[in-house]
Every structure is written in C-alpha cells, then in structure tokens.
Amino acid sequence: MPHSPEEKKRVLARVRRARGQLEALERALEAGADCGPVLQQIAAIRGAVNGVMSQVLESHLREELGSPAEDPSRRQAGIDDAVALVRAYLK
C-alpha cells in the first residue's frame, strides 16, 4: 500500500479513473453498443487496473526490499512474498 500522501493520491486517482471506465462500459453494454468500442473500453479498463497494480506493487517492493532486513530469514520471507505477488499478478 502506498504510504506517502502523494503516492496514495496517485493510486486513488487511478482507481477513480478505472471506476469511471467501468461505469462507461456498463452504460455502453446497457445501450447495446457495438463490439469494437466495447472491446476498446475493456482494454482501457485492463490498462487502468494494471496501472494500479503496478503502482501498489512498486510501493510494496520498495518498502519491503528497499532497506536490508536485520534478520536474513525475514528478508527471504519478504522476497518470497514479493515473488508470490508477482506470480499472482501475472496469472
């Protein structure tokens, strides 16, 4: 989770943009829009969600791995956690 106020503001702005795109998709589907514009909107939503994920993941990695841990097993646990997050993101 982004911890600085500026990071948090940027992530929330991305989330709000994604919400707006989802609402636009819902309206398009309700109106019976053509497939092309609907698919384009879905691609935009996917890009927006990927942007949110990227920002939050980067913040997490910097926080967890940016400074050396006092305990090597704790550092390894942080690395394992980061790897699990990346794997889940790439599914």
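Modeller: A residue counts as exposed when its relative accessible area is over 50%, as buried when that area is under 20%, and as partly exposed in between. The model here is predicted, and Leu90, with a relative accessible area of 63%, is therefore exposed. Leu90 belongs to helix 3, which covers residues 72-90.

Biologist: Is Pro72 buried or exposed?

Modeller: The cut-off for exposed is over 50%. Pro72 has 63% relative accessibility, so Pro72 is exposed. Pro72 too is placed in helix 3.

Biologist: And Val49, which class does its relative accessibility put it in?

Modeller: Values between the two cut-offs give the class partly exposed. Val49 has 44% relative accessibility and therefore counts as partly exposed. Val49 is a residue of helix 2.

Biologist: Turning to helix packing, at what angle do helix 1 and helix 2 pack, and how far apart are their axes?

Modeller: The angle is taken between the N-to-C directions of the two helices. Helix 1 spans residues 5-31 and helix 2 spans residues 35-65; the angle between them is about 160°, and their axes are 9 Å apart. Angles over 145 degrees count as roughly antiparallel, which is why helix 1 and helix 2 are described as roughly antiparallel to each other. The crossing of these two helices is left-handed.

Biologist: Which residues make the contact of helix 1 and helix 2?

Modeller: Helix 1 contributes residues including Glu7, Arg10, Val11, Arg14, Ala18, Leu22, Leu25 and Leu29. From helix 2 come, among them, Val38, Ile42, Ile45, Ala48, Gly51, Val52, Gln55 and Ser59. By class, the contact of helix 1 with helix 2 has 15 nonpolar, 5 polar and 3 charged residues.

Biologist: Within that contact, what does the side chain of Ser59 make a polar contact with?

Modeller: A polar contact is a pair of N or O atoms within 3.5 Å. In this model the side chain of Ser59 has such a contact with the side chain of Glu7, at 3.5 Å. Ser59 sits in helix 2, and its relative accessibility of 8% is the reason it counts as buried.

Biologist: What is Gln55 in contact with, leaving aside its neighbours within four places in sequence?

Modeller: Contact here means heavy atoms within 4.5 Å. Beyond its neighbours within four places in sequence, Gln55 contacts Arg10, Val11 and Arg14. Gln55 is in helix 2, and with a relative accessible area of 18% it is buried.

Biologist: How does Arg14 look from its own side: which residues is Arg14 in contact with?

Modeller: With neighbours within four places in sequence again set aside, Arg14 is in contact with Gly51, Val52 and Gln55. Arg14 is part of helix 1 and, at 28% relative accessibility, counts as partly exposed. Arg14 and Val52 are 38 residues apart along the chain, with 6.1 Å between their C-alpha atoms.

Biologist: What separates the C-alpha atoms of other pairs, for example Pro72 and Ala13?

Modeller: Sequence separation and spatial separation are read side by side. Pro72 and Ala13 are 59 residues apart along the chain, and 37 Å separates their C-alpha atoms. Leu90 and Ser73 lie 17 residues apart in sequence and 26 Å apart in space, C-alpha to C-alpha. For Val49 and Leu85, 36 residues apart along the chain, the C-alpha separation is 15 Å.

Biologist: At what angle do helix 2 and helix 3 pack?

Modeller: Their angle is about 170°, and the axes are 10 Å apart. Helix 2 is therefore roughly antiparallel to helix 3. Sorted by class, the contact of helix 2 with helix 3 has 9 nonpolar, 3 polar and 3 charged residues.

Technical notes
Residues numbered from 1 in each chain as written. Predicted model: local features only at pLDDT ≥ 70, side-chain atom pairs only at ≥ 80, totals over all residues. Heavy atoms only, no water. Axes fitted to C-alpha atoms, helices over the stretch in contact; angles between N-to-C directions. Helix = DSSP H or I, 4+ residues; strand = E, 2+ residues; numbered from the N terminus. Parallel < 35°, antiparallel > 145°, perpendicular 65-115°, else oblique. Left-handed = near helix turned anticlockwise from the far one by under 90°. Nonpolar A, V, L, I, M, F, W, Y, C, P; charged D, E, K, R; others polar. Buried < 20%, exposed > 50% of the residue type's maximum accessible area, 1.4 Å probe, protein only. Polar contact = N/O pair within 3.5 Å; in protein donor to acceptor, adjacent residues only side chain to side chain.
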